[in-house]
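Trainee: I would like to learn how to read a ligand site and a helix pair. Please show me the model first.

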Amino acid sequence: MDPYTVREDFPIFSTGIVYLDNAATSQKPSQVIEAISEYYRRFNSNVHRGTYRIALETTEAYEDAHRILASLIRARNGDEIVFGGGTTSLLNALARSLSIQLGEGDELLITIAEHHSNILPWARIAKRRKAQLVVTDVREDGTIDLEDMESKVDSRTRIMAVTHVSNVTGAETPLREVSRLAHEVGALLIVDGAQAAPHIPLDVGGLGADFYVFSGHKMLGPSGIGVMWGRHDLLEDLEPPEVGGGIIRSVKLRPDVGELKLNVSYLDVPWRLEAGTPNIEGAVGLTEAAKYLMRIGLENIREHEGRLVRAAEEKLAGIRGVKIVGPRRTDRSMISFVVQGKHGYYNPHAMAGFLSSRNIAVRSGHHCAQPLVERLGFSQGTVRASFYLYNTIEDVEALVSAIRDFVGGG
Ligand SMILES: Cc1ncc(COP(=O)(O)O)c(C=O)c1O
């Protein structure tokens, strides 16, 4: 794949920005922008309701979106794909649905490497159900400490929620081992794939997860839409996190003696898990994004990003005081670092501000994963440069040269 050709599809690059904040959100190609605009101009209508021509067209596009997302992650079919607002929203919804299965004495296990979105929903339901939240550790390089995890998983463990790829270090979780630990004790394994699905070729059924969640906006799609894959039998048993229109086969209100009795039967999955009018334009845009990624090939994207990160690692390591945070020389799409100056670490926000003055966009701080960043010893945070298919070696060079100037001048 040729990143220079890819860039021609992304109008934002005509502004000259060096965009290295892809872990926060990705840029969008014209194909996605135009598909959404075309939807509004030509066939905007609701789904699963009207019987007129454009309503049927919209319903077909929406159902197709489920099938195309299924093929992107090699799910069995579109029935295993549930759309929601994004990773955060879907993790909250899942926690809400699963909470009824929890009781006093049960345990939910997360790792210290989680994004806040994969901590707080579990902490909240644990508290509400008087269950225990158990947190497992990482090694010094930010990778999951499997021994610690193994020592904390037991017959009380009901849910394990882990990230596939850390949004701070890019470290990948060995899901097969984690899945073995979870399933040995009959726990459910929920995987936060927000930083993996955009970058790694997935065969979701083979990962050993029971549920796998990710966001559209980090993978060339629009914001406000995300995907939850679930094992079909588990989705069928899942309590709808929200109830209302769009998920009902029949509702009958029966005035009884003194009260109204409700008789409800739900639609099949996935529709029973998507109450209300969904994000249709989001699904249309995400379809184009998934097609775009499949056309380029996730293996090619991963290889390209791996090359850029290794180059960045090597060049940054040549600057005095730079310390790379996270595992070294592994295939990943991002690199976090701090810089030691004469009087301690340079403030990451000051570095990001300096980079911004050169039109280079990076993220600085805790990256919504404060427990991990503090566990690794960087209470002020880090600078994170995160790459995607349209980044080039020139972007790496711009970053490195700006950091060199910052340190030289600072
Ligand atoms: C690992 C991880 N999990 C969850 C999220 C939350 O995603 P969203 O903001 O799209 O809901 C992010 C986003 O930064 C992330 O990196």
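Trainee: Which distance separates an oxygen atom of the ligand from an N or O atom in the side chain of Thr88?
Mentor: A polar contact is a pair of N or O atoms within 3.5 Å; within protein, one must be able to donate a hydrogen and the other to accept it, and residues adjacent in sequence count only if both atoms are side-chain atoms. For the side chain of Thr88, the distance to a ligand oxygen is 2.6 Å. A ligand oxygen also lies 2.7 Å from an N or O atom in the side chain of Ser215, and one lies 3.3 Å from such an atom in the side chain of His115. This is a predicted model, where local features need pLDDT of at least 70, side-chain atom pairs count only at pLDDT 80 or more, and totals for chains, interfaces and linings use all residues. Residues are numbered from 1 along each chain as its sequence is written, and side-chain values use heavy atoms, with hydrogens and water left out.

Trainee: How should I read the packing of H4 and H5?
Mentor: Two packed helices are described by the angle between their axes and the distance between the axes. Helices are DSSP runs (H or I, at least four residues), numbered from the N terminus. Axes are lines fitted to C-alpha atoms over the stretch in contact, and angles run from 0 to 180 degrees between N-to-C directions. H4 (residues 87-99) packs on H5 (residues 120-128) at about 20 degrees, with the axes 9 Å apart. H4 is therefore roughly parallel to H5 (angles under 35 degrees; over 145 counts as roughly antiparallel).

Trainee: And what angle do H2 and H9 make?
Mentor: About 150 degrees, with axes 8 Å apart, for H2 (residues 30-43) and H9 (residues 280-296). So H2 is roughly antiparallel to H9.

Definitions and conventions:
Helices (H or I, at least four residues) and strands (E, at least two) are DSSP runs, numbered from the N terminus. Angles under 35 degrees count as roughly parallel, over 145 as roughly antiparallel, 65 to 115 as roughly perpendicular and the rest as oblique.
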